[in-house]
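Have the sequence and the fold side by side for this one. We'll walk through a helix, a sheet and a loop residue.

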Amino acid sequence: MPLSMCRIGSTVVVKNLSVDEALAKRLYSMGLIKGAFLKVISTEHQGPMTIELLGSQLALGYEIASQIQVVTAKYR
């Protein structure tokens, strides 16, 4: 499912990033890579989303969050 569909408080694991190369490099440099655990802090309907990644909070636009495929984390 896309990250943009996750609810506040959800912990998920990144499965795939369907973004262009430049954006992929930028996200990778922040630690947003395949297998990373994310926690959804806040979200707006078709608006920005705040996530927690490696102890830091990041804001992602709806379009970018829609291109990040995740699955629910079983442990964490």
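## Ground rules

This is a predicted model, where local features need pLDDT of at least 70, side-chain atom pairs count only at pLDDT 80 or more, and totals for chains, interfaces and linings use all residues. Residues are numbered from 1 along each chain as its sequence is written, and side-chain values use heavy atoms, with hydrogens and water left out.

Helices (H or I, at least four residues) and strands (E, at least two) are DSSP runs, numbered from the N terminus.

Start with H1, which spans residues 21–29 and has Leu23, Ala24 and Leu27 buried. Buried means under 20% relative accessible area, exposed over 50%, and partly exposed in between (1.4 Å probe, protein chains only). Look down the H1 axis and the buried residues fall within an arc of 105°, so they line one face of the helix; the arc is that of the directions from the helix axis to the C-beta atoms. The background is simple: an α-helix has 3.6 residues a turn, so residues three or four places apart point the same way.

What covers those buried residues? The cover includes strands E1 (11–17), E4 (56–60) and E5 (68–72), plus helix H2 (62–66). Over on the other side of H1, you'll find Glu21, Ala22, Lys25, Arg26 and Ser29 exposed.

After H1 comes Gly31, with a positive phi near 95°.

## The sheet

Now the strands: 5 of them form an open sheet in the order E4-E3-E2-E1-E5, with antiparallel pairing. Two strands pair if DSSP finds at least two bridges between them. E4 and E5 are the edge strands, each pairing on one side only.

Going pair by pair, E2 (residues 37–43) and E3 (residues 49–53) are antiparallel over 4 bridges, and Lys39 stands opposite Glu52 in E3. E1 and E2 run antiparallel too, joined by 3 bridges, and Thr11 has Lys39 in E2 as its bridge partner. Between E1 and E5, also antiparallel, there are 5 bridges; here Val12 is partnered with Thr72 in E5.

## A loop leucine

Is Leu54 buried or exposed? Leu54 sits in the loop between E3 and E4, and is exposed, with a relative accessible area of 70%. Leaving out residues up to four places away in sequence, Leu54 touches Met30 and Gly31, where contact means heavy atoms within 4.5 Å.
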